[in-house]
Amino acid sequence: MTGNGTTFVEQISSDFVNSLETFSVRKNFVPGAVLFLDGESADQLFLISSGQIKLTKNTNDGKELTLQVFGAGELVGVSGLFEQELTYTSTGTMLMEGEVWIIPRQGLEKMLIKNGQFCVDFLRWMGLMNRRMQSKFRDLLLNGKIGALYSTLIRMSNTYGKPHPEGILIDLSLTNRDLAQFIGLTRESVNRMLSDLKKQDTIDLLPQGHILIKDLAYLKEAIYCDDCPPDICQM
């Protein structure tokens, strides 16, 4: 029976995980290690056992955008299946030290062909990831600079948030430059907007780059949030 959580491992059955383990290679990576490069042949997928992986992409003018940060239980590097000459569409770099299962794409494809339930589980997960991405792009395109920041903070609260006496703590160490890379803005613009939110007592900026969201309702009201389910409103 599949899980009802938000990570890949929570969306699939324990039998699926056990089958993956039979042809996966476990490897430990240190921060900064590059697992795959944008444009390389996508022959492998990466299941995070521990640690974090950051996905980035460079624009034509040389600006680096952070697309996503994945944690334990997530599957990374899926560019497609059952196609020839697939390539990675981003670069995957280890952000926090941990263990990763390296999964041959052909091995996964053979497993899905042989087991219909595994295929259903995988398609369900891919559908969830597509809905998340569509929702994220909609917010970034329709809400302008301020809306892009607000929606990113909302999504971070759902993805990395932990309960805090004063609100929701985003348990991800971020510099303002890191946050700017998530939404394609300059560091200076993000600095100004975060300062304004802090003055309004909507957020607080804590040591080690953590953000405390004290008034999530304000962020949602400001961008006329559709109040998507938490499993969709994710980074």
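1. Phenylalanine 8 has a relative accessible area of 1% and is therefore buried; buried denotes under 20% relative accessible area, exposed over 50%, and partly exposed in between, with a 1.4 Å probe and protein chains only. Phenylalanine 122 likewise counts as buried, at 1% relative accessibility.

2. The model is predicted: local features need pLDDT of at least 70 and side-chain atom pairs pLDDT 80 or more, while totals for chains, interfaces and linings use all residues. Residues are numbered from 1 along each chain as its sequence is written, and side-chain values use heavy atoms, leaving out hydrogens and water.

3. The whole structure contains 8 aromatic pairs (rings of Phe, Tyr and Trp, the last by its six-membered ring, with centres within 6.5 Å; planes under 30 degrees apart are stacked, over 60 edge-to-face, the rest tilted). Phenylalanine 8 and phenylalanine 122 form an edge-to-face pair, at 6.1 Å centre to centre and 75° between the planes. Because phenylalanine 8 lies in helix α1 (residues 8-11) and phenylalanine 122 in helix α4 (residues 116-142), this pair ties together parts 114 residues apart in sequence. Helices are DSSP runs of H or I, at least four residues, numbered from the N terminus. Ring pairs also link Phe8, Phe16, Phe118, Phe122 and Trp125 into a cluster.

4. Helix α5 is largely enclosed by the rest of the structure, since 12 of its 17 residues are buried. Among them are Gly147, Leu149, Tyr150 and Arg155.

Notes
Helix = DSSP H or I, 4+ residues; strand = E, 2+ residues; numbered from the N terminus.
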